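Subject: Structure handover

Hello,

Please find the structure below. My notes on what was found in it follow.

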Amino acid sequence: MAAQTHGAVDSLLGLLSSAIKDEARLLGGVHGDVQFIKDEMDSMNGFLLHLTKTEGEHDDQLRAWMKQVRDIAYIAEDCIELFVRDLAPPDGGALAFLRHLPVYLWTAPARHRLATKIRELKVRVRDVGERRLRYGVSVPAAPELKRVAKLPGMDESAEEARREAFLQALDKEVAMLHSGGLASEQEEEGAARTESRAIALLPAGLPSEASTICTILNRYYRDDDKLSCSRMFLCALCMYPYVTAQELKSLHSKLEHGAQEPKEQVMTFCYSRLSTQQKSCLQYLMAFLQEKSISRTSMVRRWVAEGLVAREHEMTPEEVGERCFRELVFRGFVRPVHVGDAGTVKSCVMDETIMVFVTNIAKSENFVSELPAHLDRQLKIRKIVLRPRPKQTKVDGWRISIHDLICCDGGGGITSRLPQEDEDDTVVAGDNTAASDANKDPMDELVDFLRSLPELYRLNVLDLGGCKGLKKRHLKNICKVVSLKYLSLRNTDVSRLRPRHIQALRLLETLDLRGTDVPPSDMRRIFLPKLKHLLAGRYIMPASGGDAGMARRMKAAEASLSTVDAPSRIGMMRNMETLCHVNVSKHGNELEGVAKLQQLRKLGVVVAHVNETTAKLLRRVISGGVALRSLSIWVTAEDDGTGTLDISKKESSFFPSNMVLENLNIVGKCSLPPWIVEVKKLTNVTLRETGLKVDDLPSLGRLQGLRCLRLYRDSYTEHALLGFTAEQFIALRVLVIMGDRISSISFAPRAAPMLEKIVWAFRTMDKEKEEPLSGIAHLLRLKAIELRGDLDPSQLSSLKQAVKEHPNRPTLSKDGSIIVESNQIFTRRNEVFEGAGVVDAVTEK
């Protein structure tokens, strides 16, 4: 709890410091109060920083005091931010003040009320400080502990490699124990051997405590249900290599004699090894209890909007959030559900046991029987949003809800005026009967809930994803919540975006319009100065046909894209980091503004008019994108369909070797630029309808960092893929091929030496070839082959035999069913970690 309170106070201190530096914008009396609050909270912060070293040893009196401090910190941060953001006079001299004078006079009552609240906060802060002394709240002695997040001397990439190698080796050791075949009298001996090897995987120093660690593991390795807890324990030790013998003995004692279940004790130990930031992010996952799975990108952006992660050194808040997510996955608190072809986790879930544990932790640290207020409110919002709408009834051509029937004319008839979809007024209030409440439209209920929130409550996140019945009047009321930083309208039936409504959200950082039918022109007139992420686009799936086993995957690979226009003043939205996807007009004027966005990291454009002007402007955007990491180009060519967008020409000041581009996605007739060979960090390439020739494939093969290549429909013009020659695709891990042209694939010796996975969806395979997929014996690291489509029995038999004879014994599956299952026995050649964590190889026996 001390860590959570320290984080809240730390955030407040940053805001107070910024406010005091901008002294000219504060009223005289308010400035003195703010300075006093800062000094007091600064002293409390030092006290809390000391308390974080004794987490878990706090009595109820100390915990109650910490909760009071945290509540004060949250309220104070809201008050100060509201004053500085909305009510303080502008800085810029007399002219700026005169321009602001009408607003200044109009907001005088609000400023007076807020200044009074800040003075009241000053009194409360003083009382909290005196209360600690009055009740003798003291600090327990803090042990000397070295708490580090990673081993010394390791950069981010080496740390990631260390963790990946640890997980791989741990999985292999666990597989040995649970592979079956052990007689009952051999189980004890087998478990002991596996535990010893698992302990040997840990960084240097920890194996000296092997006996205690082995005793703790002894409770779990024999129970599949508790296996995840054992993994969590070992991963915590891997990331916290300085655990002391006293800590381990204390855990062992609690396991033997504690009142809690052993599994809860181990999870508490692992939770205590998380950083303050990681604990806050983990607790926030309770806001996703209504979801079947949690989107990684949405979750990270919500963390940023809620202020749970912040910029660190040269890392953006989103990068810090991604790092935090990877840490939670590694530690076992969240489990991946959907993993992309390139190995990126797209979505995750929390197992029920961990969910219950984190819920209890959140309640305990907030002294409440329910979840903390901000999490509980997010859950209520999602519960309202996901509730089905009342049944609709047609009366004389009108479609109205049961709620409307009850509310109109006292329930005895229908009035002459029925609510319209585009009304600006709020919904007509019905009576307070149970029937009225039960049949109330969810969006009307949401508006009422937002109005009921406390005056000073700062709602940062509003996720309306998947809701139906979102009318203009609802969106108008939602846009009155001016504190919103994250607004998701994904997969809703919203029909219009009114600039005068949306532009009220001056602090909005993320606007998600994916899967909506918002007219393209609606976004053109909207200007949001703080916007960082604009996500738009609705995929239109083709009619399914052919084999049902591969229809869904093929449809996704052949979808067309409908999206919105780029804002006309996009060049003034200097904070923009994600612009995906937007239409490019005939003359490409919006691209001139996009070229000014120096923080742009992800760009997706839809080009319907192919011409040299658009191509030139797009090349300028690419060459000037110093931070651009992901580029997606869709060429729909609505004109005559004969033009090809040429982005191959290089500007004189363009040096591709300096680019940080990692992902490239091209759909349609767009040239594959030869300069991509010079882009060192390009790891993922997806192509569709590009019409590559045989001579184009070697260019891709020379990419030194390419790890995932996806070739979709009509991306390659030949009927046989013969481009995998020696010394090509040296870093490729995943190959995904989906289309109706490629009917055979072959690999030469020393081609794609790192390839681990092949996914091939086809409609027909070359029946004249005995081995349509030939040369797989040269792929020494191959782990899996996934086939989707009709395959001749003789060809399948030949492929099965080739897989069985492969030295790595990869898995072979067809249409989701495993045909040949991997049956590998692994052994570690040497210690996985040496010294500060240098990774050695893990080989197969």
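**Notes on the structure**

Trp675 counts as buried, because its relative accessibility is 5% (buried means under 20% relative accessible area, exposed over 50% and partly exposed in between, with a 1.4 Å probe and protein chains only). This is a predicted model, in which local features need pLDDT of at least 70 and side-chain atom pairs count only at pLDDT 80 or more, while totals for chains, interfaces and linings use all residues. Residues are numbered from 1 along each chain as its sequence is written, and side-chain values use heavy atoms, with hydrogens and water left out.

Aromatic rings

Rings of Phe, Tyr and Trp (its six-membered ring) pair if their centres lie within 6.5 Å; planes under 30 degrees apart count as stacked, over 60 as edge-to-face and the rest as tilted. By this rule there are seven aromatic pairs. One of them is the tilted pair of Phe233 and Phe269, with 5.6 Å from centre to centre and 55° between the planes. This pair links distant parts of the chain: Phe233 is in helix 9 (residues 227-239) and Phe269 is in helix 11 (residues 262-272), 36 residues apart. Helices (H or I, at least four residues) and strands (E, at least two) are DSSP runs, numbered from the N terminus. Phe233 counts as buried, at 1% relative accessibility, and Phe269 also counts as buried, at 7%.

Trp675 pairs with Phe654: the ring centres are 5.2 Å apart and the planes are at 85°, so the pair is edge-to-face. Phe654 sits in the loop between strand 15 (630-635) and strand 16 (663-667), and Trp675 in the loop between strand 16 and strand 17 (684-688), 21 residues apart. Phe654 is buried because its relative accessibility is 6%.

Ring pairs also link Phe724, Phe729 and Phe747 into a cluster.

Gln278 is found in helix 12 (residues 276-284). Is Gln278 buried or exposed? Gln278 is buried, because its relative accessible area is 13%. Apart from neighbours within four places in sequence, Gln278 is in contact (heavy atoms within 4.5 Å) with Cys324, Glu327, Leu328 and Arg331.

The buried residues of helix 16 (residues 373-386) are Leu375, Arg377, Gln378, Leu379, Ile381, Arg382, Ile384 and Val385. What covers them includes helix 12, helix 13 (296-305), helix 19 (442-452) and strand 6 (461-463).

Regards

Technical notes:
Expected span 1.5 Å × (residues − 1).
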